[in-house]
There are 2 protein chains.
Amino acid sequence: MFYPPDPSSSHVSTIGGNILENSSGPKGLKYGTTKEYVIGLELVTPQGEIIRTGGKTVKNVTGYDLTRLIVGSEGTLGVVTEIILRLIPKPKARKTMLASFPSVVQSGHAITKILSSGILPAALELMDNACIRAVEAYQPCGLPVEDAALVIIEVDGHPAAVEEEIADCGRICAEMGATTVRTARTEGERQEIWKARKLVSPAITRMGPTKISEDATVPRSRIPEMMERLERIRAKYNINLVVFGHAGDGNLHPNIITDKRNIEEMRRVEDAVGEIFEAAVALGGTLSGEHGIGTLKAPYMELELGKAGLDMMARIKRAWDPNNIMNPGKIFPGPGQTKVKLLP
Amino acid sequence: MFYPPDPSSSHVSTIGGNILENSSGPKGLKYGTTKEYVIGLELVTPQGEIIRTGGKTVKNVTGYDLTRLIVGSEGTLGVVTEIILRLIPKPKARKTMLASFPSVVQSGHAITKILSSGILPAALELMDNACIRAVEAYQPCGLPVEDAALVIIEVDGHPAAVEEEIADCGRICAEMGATTVRTARTEGERQEIWKARKLVSPAITRMGPTKISEDATVPRSRIPEMMERLERIRAKYNINLVVFGHAGDGNLHPNIITDKRNIEEMRRVEDAVGEIFEAAVALGGTLSGEHGIGTLKAPYMELELGKAGLDMMARIKRAWDPNNIMNPGKIFPGPGQTKVKLLP
């Protein structure tokens, strides 16, 4: 059987953390997020009562869906002590392809064309030129360092479907002006392709002492616009901004490499992060696709939800946890918290 | 593109109703319920404020998942005025099979074997002998009236996968002792098979003036046990109980044919319905897989959720709708409401 959610942090993250953050990862595009696989929970409430939500059936409409309310609640509603997960049959085959493009716009068109052709890849990942160069400097993988964007496509399912779909993806990439199109012929070659993607985070971490990792998410048709806005934010604030992420579902990871000892630069980074949130919301997207709110994004909750929307969330928090003993300070902005604050 | 939820009532139900009941149907097995396809809502709150939840991105972890809290809330939290749905690529091919078995237990084993073989059918429906006979009496479809159970299996996806999987399903059914195994060769033959399933509800409606339709759901491995318990309930209360439903996900539809003018029989039916709820919960299942709670099942909420679990739901209702103006009387039991009440 198969448990699809695959956060890129799976070597360090735990299932408890995955549930309370509603983690995702590359496979979210085809298979959905952690939420889709949690069908029951045991929770200790702020009152110290033990409750069970959902159960062992996939269908359950007995009152409100408390399971999915708790998934992604960042520990603010209670302590999860048991999790019931749903598994699905494991796909029989998969194929992985790497394609690179001379411009980000071309890669965006290839992604849109693939998704509108009736193919739903298991993963559709994007790395910008800064990421490609960072990986090659860190651990050479033979990536095309001159290209503006690199796309990794994985399809899975029945062997015949997989053969056909990966061929179609290759044809579409070539039509959209790809300079490289390479399909892994062996599991070893497949792992080589994924290694390049998984090295992005360690590689960019080496570029500077402090890494600020965001996950602003936009409707996938708006990815080219979001990439342009990120480019403008990079220039405006003169910061080291690299972009990679789950392009198939619009979940980008703009990362800023900085140094928290450089107070002047950190102020610029704070403003830039705020502007990234504003750009995502302006394009019909969200502050966070999979990382959650925590304290950093809390000041921007009202921007996305509006005063009334945030109030309806706060009503739930107060009704469940009137003494605010469950992970206080998370999700909801404190008094006077109006902008990103990276420095103490 | 493809919107998978297909409530059997789709010829009369509306998308608004589907959202507030979290409707499902045969395709829930492979594709999940309505909830999985709703990514954003506009809601008028009980305070008369307009809020937007979720949005146009599939991934969104900006605070609590209000979208999925509202889906299935039976109108008790506000008025939905806009719905953003997600579509997926349409499967390229599908195949439909009808198999019948001399005993319900054998059909249960066939279902379990298919699902554990790595095949995830788009639909896996069950009809008991009473349903088979009711359909044949209403509108003859050439169904095997001597058999105890009829199973309808539909697989969809890539043409090669579909061919292979339907052949495997046929082989498994034969191994488990099926007396009939028939695959539709044309779209017309496919519609003939589905017609038999869709006629169940009108056919049994003709069997008596009053039809009480339930949807108690159990983990799918417990279906044979649930069928036995239903058989015992039928005998104990001497009622006309027929069973059909979405066997693949454990979502059965026990229907009682009765006459509301027969007070004595209706009392027995009330007790039988209560015992069906108790049986589902005892087997690790739920009061309702897709019909919702309304007023009929409200007295049994505490049986499934416990006092503390029901209290946590009621806290949300009170926090959002302190004046109880949104569909009052639904989901939450009123004072002294302790058992099923079918008569005024």
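Author: Leaving aside neighbours within four places in sequence, Ser73(B) is in contact with Tyr64(A), Leu20(B) and Ile331(B). The model is a predicted one. Ser73(B) is found in the loop that lies between helix 3 (66–70) and strand 3 (79–85) of chain B. Its relative accessibility is 1%, and because buried means under 20%, Ser73(B) counts as buried.

Strand 1 (residues 38–44) of chain B is joined to strand 2 of chain B by 5 bridges, and the two run antiparallel. Within this pair, Glu42(B) has Arg52(B) in strand 2 of chain B as its bridge partner.

One of the contacts of Ser73(B), Tyr64(A), is in the other chain, which brings in the relation between the copies. The same surface serves both copies, as 99% of the contact residues of chain A recur in chain B.

Chain A also has an open sheet of 7 strands, in the order 7-4-6-5-9-10-8 and with antiparallel pairing. Its edge strands are strand 7 (180–183) and strand 8 (210–213) of chain A, each of which pairs on one side only. Neighbouring strands of this sheet are turned against each other by 15 degrees on average, direction ignored. Strand 9 (residues 240–246) and strand 10 (residues 251–258) of chain A run antiparallel and are joined by 7 bridges. In this pairing, Gly245(A) stands opposite Leu252(A) of strand 10. Helix 10 (residues 263–282) of chain A packs on the sheet and touches strand 8, strand 9 and strand 10; the direction of helix 10 makes about 170 degrees with that of strand 10 of chain A.

Helix 11 (residues 301–320) of chain A has 20 residues, yet its end C-alpha atoms are only 20 Å apart, short of the 28 Å that a straight helix would reach at 1.5 Å a residue. The helix has a kink of about 90 degrees, centred on Lys307(A). Helix 11 of chain A is mostly covered, with 14 of its 20 residues buried.

Methods
Residues are numbered from 1 along each chain as its sequence is written. Chains are lettered from A and ligands numbered from 1 in the order in which they are written. This is a predicted model: local features need pLDDT of at least 70, side-chain atom pairs count only at pLDDT 80 or more; totals for chains, interfaces and linings use all residues. Side-chain values use heavy atoms; hydrogens and water are left out. Contact means heavy atoms within 4.5 Å. Two strands pair if DSSP finds at least two bridges between them. Helices (H or I, at least four residues) and strands (E, at least two) are DSSP runs, numbered from the N terminus. Axes are lines fitted to C-alpha atoms, for helices over the stretch in contact, and angles run from 0 to 180 degrees between N-to-C directions. Buried means under 20% relative accessible area, exposed over 50%, partly exposed in between (1.4 Å probe, protein chains only). The expected span of a helix is 1.5 Å times one less than its number of residues. The bend at a residue is the angle between axes fitted to the seven residues ending there and the seven starting there.
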